[in-house]
Amino acid sequence: MNVAILAFPLYVLLMLLELAYERVSGRHTWRLADSATSINTAVLRVLLEGPLRLLLIIPYAWLYEHARLWTLDPTQPWVWVFGFVAVDLCFYWAHRSLHRYNLLWGAHQPHHSSEDFNLSTALRKGAFQTAFDWPFYLPLALLGLPLPLFLLLLGIQLAYQFWIHTQHIERMGWLEKLIVTPSHHRVHHGQNDCYIDKNHGGVFIVWDKLFGTFAEEVEPVRYGVTTPVRTFDAIALQFSWWRLLWADAVATHSWWDKLRLWWMPTGWRPEDVRQQPWPKMGADKFAEATPAGLKAYALVQFLLLNGMALAFLASVRQAALWQAVLLALAVLGTCVSLGALFEGRARLWWLERLRLFALLVLLALWGLWLAPAQWPLALALAAVPLACLLWLWRLSGQHDGAASALLRQ
């Protein structure tokens with residue numbers, strides 16, 4: 001049972017409530033491009049979660065069957081309590097390590113890359129993080145925590161962390177001493193010097209207090225990372241930190257440094273390339289550059305992307321492999337195109353036309369595999385990218401003459 005998937009309707013409801021509250025209060029923490037990018041990274045995580053999760057499930061199951069020290073009975077309430085606390089402790093050390101080393105930070109940095117902080121930020125996940133944090137949970141198999149119960153408790157622990165990504169809940173009194181609250185987690189997402197690498201806990205803040213990584217919220221938080229990604233491309237931001245590391249590995253003359261920089265503390269660089277500057281956070285946030293006439297189009301494509309992601313989740317177990325792969329490619333192509341759209345890049349016109357045309361072809365091929373009784377459904381689905389293609393052609397016709405003023409290279 002995937003708790004995160006089951007909780008998705010609740011996530012949507014809470015995000016809508018936060019947006020409604022902002023409309024009433026006048027305090028705005030959402031931007032379309034940034035929040036859409038956050039949600040798009042969650043879509044990428046969904047595509048990769050299944051195969052990457054096997055990296056955890058297979059060794060966990062083997063250790064439980066062949067090397068467990070005890071057998072914990074999941075029918076006992078105390079096992080659930082113990083298991084949940086143990087899962088949160090393992091998460092703390094996994095999370096802290098993801099911040100500690102260059103290679104691991106590259107997998108986690110996407111979650112911190114937003115310069116905003118709202119409930120959509122909770123969905124901005126590192127698509128490859130599961131490939132790096134799984135070893136930290138294996139001790140639970142040795143302790144005898146059954147795999148189904150472990151996965152359930154891990155899902156609940158991760159789902160808890162959604163609501164703490166908000167600026168609208170202030171201090172929570174005595175609860176601040178026990179659990180991770182929005183105030184604690186705002187600190188964790190801050191790039192202020194006094195906030196960096198603080199408050200790694202998922203549910204219980206006591207781990208940070210025990211192990212010396214706790215910090216109070218004492219000054220206004222500047223959100224984001226000190227080496228900003230400067231993109232709304234949900235795929236490009238997944239590789240932002242690793243691209244910097246790769247550039248240093250290529251540039252340095254030391255073969256030893258080429259190898260070890262990946263495992264050095266986060267931010268370590270070879271001595272002979274340190275003079276080459278990395279991107280620095282500016283005074284202003286990275287802003288959306290979408291022409292006004294394309295904002296409605298961007299919103300429609302964002303909704304379609306999430307519709308395709310839900311279709312992928314609904315059909316991935318029943319669909320043929322080629323169908324799942326084609327749908328995944330359609331989702332990835334839409335992520336790239338949306339990034340170009342939000343950044344107002346000139347490549348948008350040809351890229352989006354190519355994507356929509358390819359989607360039409362894929363739907364046509366898919367329709368050929370269906371029974372004649374299902375062809376109306378295929379035609380109805382094909383009508384959506386066709387309508388978008390005609391809409392885009394009209395918009396591009398309006399803007400092509402002033403492309404240099406509306407779109408930047």
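Buried residues, meaning those under 20% relative accessible area with a 1.4 Å probe and protein chains only, make up 49% of the 409 residues in the protein chain. The model is predicted: local features need pLDDT of at least 70, side-chain atom pairs count only at pLDDT 80 or more, and totals for chains, interfaces and linings use all residues. Residues are numbered from 1 along each chain as its sequence is written, and side-chain values use heavy atoms, with hydrogens and water left out.

The protein chain contains 17 helices and zero strands. These elements are DSSP runs numbered from the N terminus, with helices (H or I) of at least four residues and strands (E) of at least two. Of the contacts in the protein chain with a separation of 6 or more, 75% are between residues 24 or more positions apart; contact means heavy atoms within 4.5 Å.

Helix H3 spans residues 32–67, which is 36 residues. From its first C-alpha to its last, H3 reaches 49 Å, close to the 52 Å expected at 1.5 Å a residue; the expected span is 1.5 Å times one less than the number of residues. H3 bends by about 55° at glutamate 49, and proline 51 follows within four residues. The bend is the angle between axes fitted to the seven residues ending at a residue and the seven starting there.

The interior can be considered next. In soluble globular proteins, nonpolar side chains tend to be buried together. A nonpolar core is here a set of buried Ala, Val, Leu, Ile, Met, Phe, Trp, Tyr and Cys residues joined through side-chain atoms within 4.5 Å. The largest such core has 40 residues, and those with the most contacts inside it are Tyr11, Met15, Leu123, Phe162, Tyr297, Phe342 and Leu356. Elements giving two or more residues to this core include helix H2 (8–25), H3, H8 and helix H16 (375–399). H3 provides the largest share, seven residues. Another core, of 27 residues, lies apart from it and has Val79, Leu138, Leu147 and Val203 among its members. Leucine 356 is in contact with Tyr297, Gln301, Pro385, Cys388, Leu389 and Leu392, leaving aside its neighbours within four places in sequence.

Leucine 154 lies in helix H8 (residues 147–160) and, at 4% relative accessibility, counts as buried. Not counting residues up to four places away in sequence, leucine 154 touches Arg53, Leu56, Val87 and Tyr137. Leucine 154 and phenylalanine 84 are 70 residues apart in sequence, yet 7.6 Å apart in space, C-alpha to C-alpha.

Threonine 181, in the loop between H8 and H9, is buried at 0% relative accessibility. Threonine 181 touches Ile164, Met172, Leu175 and Glu176, not counting residues up to four places away in sequence. The loop between helix H9 (182–188) and helix H10 (206–211) holds aspartate 197, and asparagine 199 is also in the loop between H9 and H10. Phi has a positive value in each, near 60° for aspartate 197 and near 55° for asparagine 199; neither residue is glycine. Aspartate 197 is partly exposed, with a relative accessible area of 35%, whereas asparagine 199 is buried, at 2%.

The structure holds 17 aromatic pairs. Rings of Phe, Tyr and Trp (its six-membered ring) pair if their centres lie within 6.5 Å; planes under 30 degrees apart count as stacked, over 60 as edge-to-face and the rest as tilted. The ring centres of tyrosine 92 and tryptophan 93 are 5.1 Å apart and their planes stand at 85°, so this pair is edge-to-face. Tyrosine 92 is buried, at 0% relative accessible area, while tryptophan 93 is partly exposed at 35%. Phenylalanine 132 and tryptophan 242 form a tilted pair, because their centres are 5.9 Å apart with planes at 45°. Since phenylalanine 132 lies in helix H6 (residues 130–133) and tryptophan 242 in helix H11 (residues 240–251), the pair ties together parts that are 110 residues apart in sequence. Ring pairs link Phe128, Phe132, Phe239 and Trp242 into a cluster.

Technical notes: Buried means under 20% relative accessible area, exposed over 50%, partly exposed in between (1.4 Å probe, protein chains only).
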